[in-house]
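The sequence and the coordinates are shown first.

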Amino acid sequence: MLTRESFDSDFHHGEYVEWYEKAKEQEHKFWVDDIPVQQHLLQLFNEFKHKRPDIVVKPSNSLKWDSVGLKVFEGVSIAFNEAPDVVVGYLEGCKGDDNFPKYTVISERICNEKYSDYNKLYHTKTTKKLTLAIKNALQFVKPFDLDYMAKKESSSASHALDTLKEKANDTLYYKFDADRKELFKEVSNMVSAGYTPRTPKFAEMIDIFKAEGEMMKELLAYKPRKCFVWAKVDRLEYRYDDEEVVVALNIGEVPEDIRNKVAVLQIADKNSPIKDVGVRISESTYWLFV
């Protein structure tokens, strides 16, 4: 039976456990590993795995009723042994409304011009022919390279830098906020005398700026060089901004600075940036700040 780690929520894992046990009780015949599936999905999966034995499979959230009143999966997510936490696509198989098999391949690489790019079917290819479905799967469901992953996760780096600057922005633009009466009193005081804060609000502002001003200025101007790192099962790949991808087959080939920063991020919370270190995006991908 699959563990909680294979699912994106307790609800979906609980639903899986319930229908896994019922499928066992009813001696369901079609399984992908420990996943009860539709017959046509098993056919598609077996043919694909024969061509790509290095795949890793997890259930999708597409539980459907079958003909005997049992809920089984009509879709599975696909990753690869080199990076088992990175889902690269989905396979679906079921009986269509016309009682013919329906095979669907889902991948970010697919741009189906039958649909607009905001339609959920834009990244899908569906066919009644198993051989064509296998061809689609082999073409579109394959490992990502580092350039693709870095581009895919580029917004994560920007978000991490914004998060680091958030406290400074909050202090400058919210804690320093003052109403018109306080501003009038303070401006009058500035005109008539040397600048000695008269109102508690402005006095607080000055105290904050004395204590944190330099730090806030530094954070707001923070624009580090970035390095995307992907720690795969058999190697580590990394690329600095605007440079070529480097592949390290053993730990000795990885620069010490990268090793040290990845070690820190491995025990850090996901999507929690650390200044001059970086941010962990997933179990195997990182943005480093240099």
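The points that follow begin with the chain as a whole and then turn to selected strands and residues.

1. The structure is a predicted model, and the remarks here should be read accordingly. The protein chain has 290 residues, of which 42% count as buried. Its secondary structure comprises eight helices and 14 strands.

2. Two further totals describe the chain. Its accessible surface is about 17100 Å², and carbon and sulfur atoms account for 51% of that area. Among contacts in the protein chain with a separation of 6 or more, 51% are between residues 24 or more positions apart.

3. Strand β11 covers residues 236–240, and four of its five residues are buried. The strand is therefore largely enclosed by the rest of the structure. The cut-off behind this reasoning is a relative accessible area under 20%.

4. Which strands pair with β11? On one side of the account is β10 (residues 226–231), which runs antiparallel to β11 and is joined to it by five bridges. The other is β12 (residues 246–248), also antiparallel to β11, with three bridges between the two.

5. The pairing can be followed at individual residues. Trp230 has Glu237 of β11 as its bridge partner. Towards β12, Tyr238 stands opposite Val246.

6. Both pairings are hairpins. Four residues separate β10 from β11, while five residues lie between β11 and β12. In the hairpin of β11 and β12, Asp242 adopts a positive phi near 60°.

7. Val247 belongs to strand β12.

8. Asn112 is located in the loop between β8 (101–106) and β9 (124–127). Although placed in a loop, Asn112 is buried, with a relative accessible area of 11%.

9. What does Asn112 touch, leaving aside residues up to four places away in sequence? The residues are Leu121, Tyr122, Thr124 and Lys125. For Thr124, the backbone oxygen lies 2.8 Å from a polar atom of the Asn112 side chain.

Conventions
Residues numbered from 1 in each chain as written. Predicted model: local features only at pLDDT ≥ 70, side-chain atom pairs only at ≥ 80, totals over all residues. Heavy atoms only, no water. Buried < 20%, exposed > 50% of the residue type's maximum accessible area, 1.4 Å probe, protein only. Pairing = 2+ DSSP bridges. Polar contact = N/O pair within 3.5 Å; in protein donor to acceptor, adjacent residues only side chain to side chain. Contact = heavy atoms within 4.5 Å. Areas by Shrake-Rupley, 256 points an atom, 1.4 Å probe, with all protein chains shown as cover.
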